[in-house]
Amino acid sequence: MNGLAAYVLRRLLLVPVILLVVSIVTFALGRFAPSDYVDIAVGTGRRNPEAIERIKEERGLKDPVYEQYVRYMGKFVRGDFGQSVRYRGQDIEDVILPKLWITLQINLVVLILTFAIGLPIGILAAVNRGSWLDPLSIGAFLVFASVPVIVMVPLAQLIFVIWLGWLPTGGWESRDVLGINLGILHTEAILPVMVLTLPGVAGLARYMRAQVVDVLAQDYIRTARAKGLRENIVVLRHVVRNALLPIATLLGFELAALVSGSIIVETLLGIPGIGQFAFESVTSRDYDSIMAVVLLGSAVFMIAMLVVDISYGFIDPRIRLTDQRS
Amino acid sequence: MTTVTTSTSEPLDSLAAPPPSFRVVRRLLRRPVAVVAILLILFIYIIGLLAPLIAPYEFDKTDLAHTFAGPSSEHLLGTDRLGRDVLSRIMWSAQTTVIISGLSIIAGSLILGVSLGLISGYVRGWVDNLIMRAADALQAVPTFLLLLIINATMKDRARSVFTDVEDITGIGGIVKSGAPSFFLLTIAFSIFGWVGMARLVRSQVLSLREAEYVTAARAMGSSTPRVLFRHLLPQLTSLVVVTITITLGAVAALEVGLTFLNVGIQEGHASFGIMITQYAGITSIRAHPMLILYPCVVVAVLVLSFNLLGDALTDILSPRRR
């Protein structure tokens, strides 16, 4: 396990380094952009130069940029993400948490559904290889995978909201279930979940199909059949289990797609999640909010990827051997 | 060297020595799906390239007497809320897509990606290490979020830079032509876009560099650039073509997504993203479904065609054909 331990350690060490670079770049982008963020705070109406000076003084915007950066990061690592310009007087962490929860609900359901639909379809297609079921099931979902989310949302709205009238127009309702706010239980959640799930299903199904086809060709499957096991048992116990191993990799792809997907879907459908918050922060030059979103987003994303990679190494020890040869 | 296959390694890693390209083309043409995909892509691209010649109107030519007009002989797909011809807008938007994809692919995948991959795989050592750690870092961050932020914060800066260029050189109309947003998008896409291509090229070069003809070339005194570009690069043609095909669709979708979020192509220029943004609200969709349907269908068809073509190519070039 020495190789794996070293690898994990190196990847772990890389996380803060990358976060540091990302934070510097994001901070610099914000501070060197032409329109100042005090302009946004003051508004575009009548300008009071004194007020602007005062705000700049208060917020420490007159100090050198690196001092501002160090001060911001010092507060950030202690859990103080600064103050939102748009949500006046509110701390960013208070604004972000409920939004994070909404996005998390949607994305968790999406992930579960993606695997629950994608895996069986992949297995089905592989087992029925050569029949019409194979290209049909994979091909149908490939269409969904190929249509960008930005295009999928208006089309889905057109079909399900306007033509069929099955789904509500958008937005987000909250509902308390045993003291927990579960907006996901409302019909408003169906459209975003559907639009975010469909693309992932295709990728997963195709990958699973390839895996199952690979495993089906293995000697131990022939052995299993030769000793008289029923085909169902062979598929479920021998094929699927082995084919599932490398699937963990796809989680990484899924996560990347969900980050961009959430921003677009939440903005389009008016869901008050973290994706919409990111977009709003960017358009209103709310730099402390941008910093918080980018740093939190990158940290969560990197740690998730790291967990995926490590689990992959644990699951399939063969990876180690092949790599030492190359 | 990474000891664990990272989650971001691409399925193309398994490509073996590819067959000569003409055979690939012949096999490709035997697949009806691939042929249809190629034709659709060519159709959209040619329309985009010829937009200045064949578009019936300018994309921003307003006609306030005929707003929201239905299809007619004058406006085949009708007009939008300012009486602008929808068909012309689609054609000009296709041109934007062609330009952005072309520039990004050339700068990001071809120039940066291929050369960094070649250097990384051939030179090895700390250079390889540096390039690959940079690639790791770029793949470890949420790309779309950073693209959004780079474009949002720098778009005004890009415009002012181009205004200065206009003032200094005395050439007018650069900013008005939309060059700043094209430039910025290309740069932003290239920063993240080289990684996939560089990894693929590197993995191929790692094995190719041990080939005898490379040793022979070196023994005869070929310089490193000569070995890289005359001896190694031609071997990688099909790999590069496949990767570009797959990337082109993704870049088109990215441009539309960023433009929709108001940080890509700016209002006043043609883009599918702008067409979608303007009519994306549920009230607009209800009132004028066709105005949102047209650009959506074109983008969907384009990206789908690229994916189908990429799929067919991967399938043909993959050693484990099933």
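Two residues are in contact if their C-beta atoms, placed from the backbone, lie within 7 Å. In chain A, residues 24 or more positions apart account for 70% of the contacts with a separation of 6 or more. This is a predicted model.

**Chain A**
- Chain A holds 14 helices and two strands.
- Its length is 326 residues, and 37% of them count as buried.

**Where chain B touches chain A**
- On the chain B side, 44 residues are in contact with 56 residues of chain A.
- Five elements of chain B each supply at least two residues to this side: helix 5, helix 6 (143–169), helix 10, helix 12 (282–287) and helix 13.
- Helix 6 of chain B gives the most, with 12 residues.
- By class, the side of chain B that touches chain A has 28 nonpolar, 11 polar and five charged residues.

**Helix 4 against helix 13 in chain B**
- The axes of helix 4 and helix 13 (residues 289–317) of chain B come within 11 Å and cross at roughly 30°.
- Angles under 35 degrees count as roughly parallel, so helix 4 and helix 13 of chain B are roughly parallel to each other.
- Helix 4 of chain B passes helix 13 of chain B in a right-handed crossing.
- From helix 4 of chain B, the contact uses Val86(B), Ile90(B) and Ser93(B); from helix 13 of chain B come Leu291(B), Tyr294(B), Pro295(B) and Val298(B).
- Six residues of this contact are nonpolar, one is polar and none is charged.

- Most residues other than glycine have a negative phi.
- Arg124(B) has a positive phi, near 55°, and is not a glycine.
- Arg124(B) sits in the loop between helix 4 (86–123) and helix 5 (125–140) of chain B.
- Arg124(B) has 15 other C-beta atoms within 10 Å, so this residue is partly exposed.
- Asn262(B), also not a glycine, has a positive phi of about 75°.
- The loop that holds Asn262(B) lies between helix 10 (237–260) and helix 11 (272–278) of chain B.
- Asn262(B) counts as buried because 20 C-beta neighbours lie inside 10 Å, and the cut-off for buried is 20 or more.

Methods: Residues are numbered from 1 along each chain as its sequence is written. Chains are lettered from A and ligands numbered from 1 in the order in which they are written. This is a predicted model: local features need pLDDT of at least 70, side-chain atom pairs count only at pLDDT 80 or more; totals for chains, interfaces and linings use all residues. Helices (H or I, at least four residues) and strands (E, at least two) are DSSP runs, numbered from the N terminus. A residue is buried if 20 or more other C-beta atoms lie within 10 Å of its own, exposed if 12 or fewer, and partly exposed in between; C-beta atoms are placed from the backbone. Axes are lines fitted to C-alpha atoms, for helices over the stretch in contact, and angles run from 0 to 180 degrees between N-to-C directions. Angles under 35 degrees count as roughly parallel, over 145 as roughly antiparallel, 65 to 115 as roughly perpendicular and the rest as oblique. A crossing is left-handed if the near helix is turned anticlockwise from the far one by less than a right angle, and right-handed if clockwise. Ala, Val, Leu, Ile, Met, Phe, Trp, Tyr, Cys and Pro count as nonpolar, Asp, Glu, Lys and Arg as charged, and the others, Gly among them, as polar.
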